[in-house]
Amino acid sequence: MSDCLFCKIISGEIPSNKVYEDEICYAFYDISPMAPTHFLVIPKVHFASAAEATEENAAAIGHIYMVIAKLAKEMGFADGFRVVTNCGEIAGQTVHHIHFHVLSGKQLGSFN
Ligand code: 5GP
Ligand code: ZN
């Protein structure tokens with residue numbers, strides 16, 4: 001999608017600090033980290049949010065969770081981390097290309 005910030009990060013038009021890349025997804029450090037480890041994992045195919053999950057893109061979402069588990073082991077935080085995907089502006093979503101925040105490295109606050 002030509003006017004999407006995260007599509008521009010995938011293409012390299014906007015620089016990012018890469019964590020991981022394969023044919024399905026791209027992971028990069030968040031520009032405004034909320035934890036000592038905070039990166040985003042995004043599918044290379046553009047869709048807006050978890051509200052647009054379909055049979056067609058479900059495999060990419062599953063693949064992303066597999067990549068997160070692999071990175072957690074390799075990067076040494078598999079003992080505790082949080083995966084968050086904000087869906088819609090009421091949930092705080094600011095970039096409308098689905099992304100999974102991966103947070104670790106400190107005691108994370110409770111949601112409830
Ligand atoms: P959201 O609020 O949509 O769930 O998360 C968007 C995230 O993207 C935010 O945590 C924000 O810091 C991050 N972000 C926004 N613009 C950029 C950017 O240009 N580069 C990087 N690396 N992260 C960004
Ligand atoms: Zn996009």
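**Tyr29**

I started with Tyr29, which has a relative accessibility of 34% and so counts as partly exposed, since that class runs between the 20% and 50% cut-offs. I note for everything below that this is a predicted model. Tyr29 sits in strand E2. I also took a distance from here: Tyr29 and Cys4 are 25 residues apart along the chain, and their C-alpha atoms are separated by 18 Å.

**Zinc site**

Which residues hold the zinc ion (ligand 2)? I found four: Cys4 and Cys7 coordinate through SG, His46 and His97 through ND1. The distances run from 2.1 to 2.3 Å.

Next I looked up the geometry. The angles among the 4 donor atoms are 103 to 117 degrees, and the site is tetrahedral. I wrote down the spacing of the donor residues in sequence as C-x2-C-x38-H-x50-H. Cys7 belongs to helix H1 (residues 5-11), while His46 is in the loop between strand E3 (37-43) and helix H2 (55-75). These parts are 39 residues apart in sequence, so the Cys7 and His46 pair ties them together.

Is Cys7 buried or exposed? Cys7 is buried, at 14% relative accessible area. His46 comes out at 25% relative accessibility, so I put it down as partly exposed.

**Ligand 1**

Then I turned to ligand 1. I get 16 residues around it, and the ones that come nearest are Asp30, Asn86, Thr94, His99 and His101.

In the side chain of Asp30, an N or O atom is 2.5 Å from an oxygen atom of ligand 1. The side chain of Asn86 also has an N or O atom by an oxygen atom of the ligand, at 2.8 Å. With Ile31 the backbone is involved: one of its N or O atoms lies 3.3 Å from a nitrogen atom of ligand 1.

How much of ligand 1 does the protein bury? Taken alone, ligand 1 exposes 520 Å², and the protein buries 81% of that.

**Nonpolar core**

I wanted to know what packs inside. The largest nonpolar core has 16 residues, and Phe39 and Val41 have the most contacts inside it. Which elements supply this core? Strand E2 (25-29), E3, H2 and strand E5 (100-104) each give at least two residues. H2 gives the most, with 6 residues.

**Loop between E3 and H2**

Back to the loop that holds His46. I looked up two further residues there.

Ala51 lies in this loop between E3 and H2. Its relative accessible area is 62%, so I call Ala51 exposed, the cut-off being over 50%. From Ala51 to Ile61 it is 10 residues in sequence and 12 Å in space, C-alpha to C-alpha.

Thr54 is found in the loop between E3 and H2 too. Thr54 has 34% relative accessibility and so counts as partly exposed. How far is Thr54 from Thr37? They are 17 residues apart along the chain, and I get 30 Å between the C-alpha atoms.

**Loop between E2 and E3**

Last entry: Pro33, which is found in the loop between E2 and E3. Pro33 is exposed, with a relative accessible area of 53%.

Conventions
Residues numbered from 1 in each chain as written. Chains lettered and ligands numbered in written order. Predicted model: local features only at pLDDT ≥ 70, side-chain atom pairs only at ≥ 80, totals over all residues. Heavy atoms only, no water. Donors = N, O, S within 2.8 Å, 3.2 Å for Na, K, Ca; no water. Tetrahedral: all angles 85-135°; square planar, octahedral: opposite > 155°, others 65-115°. Helix = DSSP H or I, 4+ residues; strand = E, 2+ residues; numbered from the N terminus. Buried < 20%, exposed > 50% of the residue type's maximum accessible area, 1.4 Å probe, protein only. Near = heavy atom within 4 Å. Polar contact = N/O pair within 3.5 Å; in protein donor to acceptor, adjacent residues only side chain to side chain. Areas by Shrake-Rupley, 256 points an atom, 1.4 Å probe, with all protein chains shown as cover. Core = buried A, V, L, I, M, F, W, Y, C linked by side-chain atoms within 4.5 Å.
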